[in-house]
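Dear colleague,

Please find the structure below, with its sequence. My notes on its charged and aromatic side chains follow.

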Amino acid sequence: MIKQPKIVIKKFTDSDFDAFAQMVGVYFIEDLKEPLYNNPPIRMCKAMIQSVKDAITYLDILHIDGSPMGFIMYQIDSPKSDWCEKEGYGFIREMYIRKDCRKQGYGKTLVAHAEDELKRLSVPYIYLTSSNDAFWLSIGYTGTGEICEKNNNHVLIK
């Protein structure tokens with residue numbers, strides 16, 4: 001009998017910081033191909049966590065069998081944020097799943113969790129920007145035809 005992995009999505013806590021910083025480094029360097037010369041993951045993560053502590057963004061960690069394997073950062077756009085393109089809309093800022101855990105439904109599970117949280121907070125729509133639209137289109141997002149000026153990625157909405 002194949003043992004099903006135990007999946008838990010929980011709010012970020014300070015005890016998640018080291019694992020989160022490691023995932024952020026991999027995400028930005030390997031997945032986004034962004035050199036982090038002037039903004040190492042630790043400094044970047046501290047700024048991201050401060051945004052969570054200031055109740056501007058939400059950060060949830062995906063645990064599989066007790067180990068952190070991914071994260072999702074999202075918000076309700078507001079002028080308080082350093083990124084506010086569509087005030088009042090939900091915005092998925094970042095989402096990461098460790099490479100060895102991809103294509104197993106964990107990304108879809110993590111996004112559904114964030115969407116549920118944003119819907120619970122009464123957002124009318126959820127949007128994101130992406131340079132790789134296939135995953136997002138497969139889970140119901142639609143291209144808007146817009147290109148985000150901040151990162152030159154497509155804007156998708158649900």
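In these notes, a residue is called buried under 20% relative accessible area, exposed over 50%, and partly exposed in between (1.4 Å probe, protein chains only). The model is predicted, so local features need pLDDT of at least 70 and side-chain atom pairs count only at pLDDT 80 or more, whereas totals for chains, interfaces and linings use all residues. Residues are numbered from 1 along each chain as its sequence is written, and side-chain values use heavy atoms, with hydrogens and water left out.

Salt bridges

A salt bridge is taken as a side-chain nitrogen of Lys or Arg within 4 Å of a carboxyl oxygen of Asp or Glu; the whole structure contains 10 of them. Helices (H or I, at least four residues) and strands (E, at least two) are DSSP runs numbered from the N terminus.

D14 belongs to the loop between strand 1 (7–11) and helix 1 (17–31), and K53 to helix 2 (residues 41–53), 39 residues apart. D14 counts as exposed because its relative accessibility is 53%, and K53 is exposed at 52%.

D82 and R93 meet in another salt bridge, at 2.9 Å from N to O. D82 is in the loop between strand 3 (67–76) and strand 4 (90–97) and R93 is in strand 4, so the bridge ties together parts 11 residues apart in sequence. D82 is exposed at 62%, whereas R93 is buried at 19%.

Between K150 and E85, the closest N and O atoms are 3.3 Å apart. K150 is partly exposed at 44%, and E85 is partly exposed at 41%.

Aromatic rings

Rings of Phe, Tyr and Trp (its six-membered ring) pair if their centres lie within 6.5 Å; planes under 30 degrees apart count as stacked, over 60 as edge-to-face and the rest as tilted. The count comes to 10 aromatic pairs. F12 and F20 are edge-to-face, because their planes stand at 65 degrees, with the centres 5.8 Å apart. F12 is buried at 12%, and F20 is buried at 0%. Ring pairs also link W83, Y89, F91, Y125 and Y127 into a cluster.

Kind regards
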